[in-house]
Amino acid sequence: MASAFRGRKAAAASVAVLAAAGLALAGCASSTPSGDGTDAPVANGELVLVGTTDKVTTLDPAGSYDNGSLAIQTQVFPYLFNTEYGSTEIQPDLAADLGTFTTPTDFEVKIRDGVKWANGSDLNAQDVAFSFNRQLAIADPNGPSSLLYNLDSAEATDDTTVVFHLKAENDVVFSQILTSFPGAIVDDEVFDATAVTPDDAIVEADAFGGPYAITSYTFNETVELTPNANYQGLLPAAANGGVILSYYADSSNLKLAIEQGDVDVAYRSLSATDIEDLSTDDNVKVVEGPGGEIRYIVFNFATQPYGSAQADADPAKALAVRQAVADLVDREALATQVYKGTYTPLYSYVPAGFVGAAEPLLDLYGDGEGGPDAEKAKATLEAAGVTTPVVLNLQYNPDHYGPSSGDEYALVKQQLEATGLFTVNLQSTEWVQYSKDRSSDVYPAYQLGWFPDYSDADNYLTPFFLIDNFLVNHYENQAVNDEILEQATTTDPAAREALIEKIQADVAADLPTVPLLQGAQVAVTGKDVSGATLDGSFKFRFAPLVKG
Amino acid sequence: MKGLWRYVLVRFLLIFPTIFILVSLVFLFMRVTGDPITAALGGKLPPDQLQELIHQAGYDRPLWIQYFEYLGQVFTGNFGTTLTGNREPVVDVLLRYGGATLELAVYALIVALLVGIPLGMLAAKLRDRWGDAALRVFAILCYATPVFFAGLVLKLVFSVWLQVLPPSGRASPRGVIALDRVDGATGIYLIDAIRSGNPALVGDVLSHAVLPAIALGLLTGGIFLRLVRTNVISTLGTGYVDAARSRGVSEFRLTTKHAYRPALVPIITVIGLQVAMLLGGAVLTETTFEWRGLGYELAEFLAARDFVAVQGIVALLAVIVALTNFVVDLIAAAIDPRVRY
Amino acid sequence: MSALSARVGRLPLIRQVRQSVGLQRGMLVTGLVLVGVVVLAAVFAPLLAPYGYAQLGDASGNFGAQQSPSPAHWFGTTVGGYDVLSRLIWGARTAVLVIVVGVVLSIVVGVLLGLLSGYLGGWLDRVLVVVADAVYAFPSLLLAIVAAIVISGGQSGLWSGILAAGISITVIFIPQYFRVVRAEVVRVKSEAYVESAQVVGASSARIMFVHALRNSTRTLPLIFTLNAAEAVLTLAALGFLGFGIEPTAAAEWGYDLNRARSDVTSGIWWTSVFPGIAIVLTVLGLTLVGESLNDLADPRLRARRKAKQR
């Protein structure tokens, strides 16, 4: 226990006593409602302390659509499908099979028999159908129900069979979505069918069915997770004696906590400076995994230079401007100077690590090897008859995509201006106003980032490049639109992969967005902690963590 | 006496328009800055879906309708339910985090008094000598150093170099869980820790309070120092003290007793006024040290544009400040009849 | 008393420096020097600063991020790859602009409202007093943040940032100028010399305002310097909380401090210490001047020449 507080001097002794006392208190806490014996700790390992800067919106999966909430939901709620550690292939979790289409719009899934919630009541198909129907009924503004766009209703035909009635036929993406935000299964005896259920009610009723149950809950401050003896699923039972999850607001405080041993694992999000400094510290290990996060510049086809709403509208010149930007950005410099290698250059729309990822921009733009090419940019602009310097109003947001955005875009501005081809007016706007402005044609070119909702290439194409997309940048390419719709219902994996690659090549020629960087997942652990796994599921699972 | 009661009544009635004005100002300001739905989902949803959600929530109705609706709720004692986070009644938020802010304010006030009063008297004693000048510069430095910079420096020294004090939070992770399990927890950690009967827990809670209390306390302490000095010097110059001096009372007793007592009255007044400042300063102190109180939550709710929560917290602050000013004015009126209307 | 104040008003600062003695003079002069340095840095920033505030590199390539102090970069470079010294000097310009905007607006509006309220009296007076009290009780930082969002529409350019900090400071300080000036007007209104002036034929309002303003000059310098100091602190707090000025639009100390938070815990001290000290010294200078002026205006606090000679 004392090792958890390594690094402290004067305070160490008193705090070590406290730690022991804290455990003693945890043991005799049976007077609290949650400790009614059914979730007695499985004493097969030490407690692991995890720190994070992500925040919980609410425990209820119907009321949250963010990584902070998902991070804890994946530990305490069961999902029909899941992925094994290190794999992106979906497997049955609470489900007993991978589901079958009994008709093109009826997707039937069998679930495991005899599973119980942590509070002892039955976990059956009625719970599953209830979970999805309430998502649709509540449709909370902060909830993920929009991801269930293809679900009409769910129905339990018996205790172990659930049928999803879909709107579109043969949807291959649907089972991917079930592993993610809206896929968490909740207890129909505890959760409200028509409203978001308060966190305290969930904790009090012990309505958990994942590898862990919550046994102490102080909202966005500290959560105690105890292994759930009733969990049955794809993943092995928890290897530790429980997890204490602590929330930090500032990454530098989280960094001090991991450095001084106040927490054993720090996951999301340390700054690049923190990680660089910690990588030289022998007392901690830096664990990296593939990242689904991407950062990119969006062009508005109406308001960009020579855009359709401009007096001198000219699609060819507008394309040349976008191509010149793609030629000039030096992604390597952004990744090393601003992010110190915690992000890597991105030359594709579907990032590396996903089925169908290609790098079409690598050949098309710059020097062909990933670097910038000023001559090529100049030639492109000249060939299209564009007068230089091109005045480009570029917007970024300083408070939503990390504090380094300012540094990133200052460097982009410098890269574009260095050759004299562009004059960049760089501006930043706080997030709420930014969100309004960007979708009402205020910004000709602007920063956005994306974190995937589920682990599939579709999540990097459908939201962005359909004619009716969330960027609302007036990009319209009917061929691309049709191809995207086609891949979502192509059941043959090889054909689908080829289609996804073709879509990216087509989009790369049009350049509605210029991808810049792809983020890696990084966790930092104490040197005596093992089992930290960061994989393509983009979920950090606590069950395999072991200390000592 | 009749004049005093009339004054009390007028002064009491004035509390209500003050609170009304503040609540209205916050309402208007918050609606201008945007809605919680765009704040949460602006990066995920297309604008037509966003607009639909905003419409469902009723945020696109005319402002005055929403305003009277809100006023109606407030008059019936209903401060609403937070729109983000845990979706709990605003009153619960106030109760839970109010204790934390109160705790920090009390610690800071203790630091401020411990620093301000003795050093202020010392400065008055050393008037116009180097010690006085040094103390005065110290007082100004306390005020001139932004709490977030003081926080960085304190953390650097005590948490990174010396490693004797924790850099953030109100208790260690295990401590928070232990405190959560105390029966009938008050949310004021020191009281809960003492009731738990676990001395290590009390030590844990206190060690977390040291740095934020110093950062916020020095800010106010500098103001107290300056005030005590000025008032002691003023009273030292009055005939009353001169008379005592002529009776052969020692200079030390003159400063500490005869000049100090009358100087205390304006200090009490300022302590009252400082409540507003402590609450305001708490926003920066609480965010710097991750002290989860009302100031910290206020910053969070503001970023999420949760106007119901922001309105509720500000309304509470307005009530506290208005009540404090009321009490302070009463004390002042009781001492000095000229103050009365 | 009013004659003395009038002379003080006519010959600002030089008169007070002469009037002061010993340590009091030392504090006043120190304050004036600190303020002078900041103002000079602000005016001559383009000449003094080795690089531009948004310059990331020169002919020999990029500076690089978080470089430790060296002959090329005396105070090192920031996490964004800017030269710390250059941003320090350019930051003085932003600070001085905010002081000017905040102080001028507060004085104009506060004094005008105070004169009007005190002179007219009645319901307008009562309403204004209650509103001033209410606004005074408002958490000032919250007001500043909201003002920053409303004024700039969330954009963080140079002028929107300066106006946001300046106007939010104005809102908080108007009640203070208002109170002082109103109190003086109410007092002067009841005094005999207004009536005697009326006999001479001057307009009563004009006479009152002149007298009231002269009498207020005793308290106004203190409020004035507090106002300026608070403007600097508010700008820094806004920058620190992320509502400040975009780094390619202007240099701002609070923003640099915010970005240096991770540096501090990683042993990179130069990115935070210098902007922090710049804020502290600017506020210290302003407050020293204000306190010294206040002491000199108050006979009880003025340092005694004789006492020193004894």
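## Terms and model

A residue is buried if its relative accessible area is under 20%, exposed if over 50%, and partly exposed in between (1.4 Å probe, protein chains only). By this definition, both Y434(A) and Y446(A) are buried.

This is a predicted model, in which local features need pLDDT of at least 70 and side-chain atom pairs count only at pLDDT 80 or more, while totals for chains, interfaces and linings use all residues. Residues are numbered from 1 along each chain as its sequence is written, and side-chain values use heavy atoms, with hydrogens and water left out.

## Aromatic pairs

Rings of Phe, Tyr and Trp (its six-membered ring) pair if their centres lie within 6.5 Å; planes under 30 degrees apart are stacked, over 60 edge-to-face, and the rest tilted. Over all chains, the structure holds 38 aromatic pairs. One of them is the edge-to-face pair of F132(A) and F164(A), with 5.0 Å centre to centre and 90 degrees between the planes. F132(A) and F164(A) are both buried.

The pair of Y434(A) and Y446(A) is edge-to-face because the ring centres are 6.3 Å apart and the planes are at 85 degrees.

## Aromatic cluster

One aromatic cluster is formed by Y296(A), F301(A), Y349(A), W450(A), F464(A), F465(A), F470(A) and Y475(A).

## Charges over rings

A charge sits over a ring if NZ of Lys or CZ of Arg is within 6 Å of the ring centre and within 35 degrees of the ring normal. In chain A, K539(A) lies over the face of Y79(A), 5.0 Å from the ring centre. In chain B, the charged end of R31(B) sits over the ring of F307(B), at 3.6 Å from its centre.

Key: Chains lettered and ligands numbered in written order.
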